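Here is a short report on one protein chain.

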Amino acid sequence: MTPFEKDIRVQEEDLDDLNHVNNVRYVQWIQDISKEHWQKKAPESLKEDVIWVVLNHNIAYKSAAKLNDQIKIRTYIAKTKGAISTRIVEMYDAVTKLPVVHAKTEWCMLNATTYKPMRVSEEIQNIFT
């Protein structure tokens, strides 16, 4: 699968009481890059017909990011079965290349009108290859 990437710089509002990036912020970044990937790759007709909801996040924290650290975030779809897509999000220190976070999230695709699960079609799978 072709990864989608972006860089972010850690800001003061991203920090917790220990002056490390707050774990809640990592979850936000995981959701943000996932949405951006979908918005950039999917045709407008699909964006109107389907929505994605999180079933679960599995996050491994590898090292702490601090104020002004430059973080490279990379995501890709690892697997799709039925209505479920498993998305990987990896975050690295852009300077040292050391891992910061590795996350695996299961997303369920829903019909945007009925909110019922929909099988991820081959057309949608091909968007992310």
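## Burial, fold and core

Of the chain's 129 residues, 35% count as buried, meaning under 20% relative accessible area with a 1.4 Å probe, protein chains only. This is a predicted model: local features need pLDDT of at least 70, side-chain atom pairs count only at pLDDT 80 or more, and totals for chains, interfaces and linings use all residues. Numbering starts from 1 along each chain as its sequence is written, and side-chain values use heavy atoms, with hydrogens and water left out.

The chain has three helices and five strands. Their order is β-α-α-β-β-β-β-α. Helices (H or I, at least four residues) and strands (E, at least two) are DSSP runs, numbered from the N terminus.

The largest nonpolar core holds 17 residues. Such a core is a set of buried Ala, Val, Leu, Ile, Met, Phe, Trp, Tyr and Cys residues joined through side-chain atoms within 4.5 Å. Tyr26, Trp29, Ile71, Ile73 and Met91 touch the most other members.

The largest share, four residues, comes from α1. A second, separate core of 10 residues includes Ala42, Val50, Ile77 and Ile124.

Along its principal axes, the C-alpha trace spans about 45 × 25 × 25 Å.

Notes. Buried < 20%, exposed > 50% of the residue type's maximum accessible area, 1.4 Å probe, protein only.
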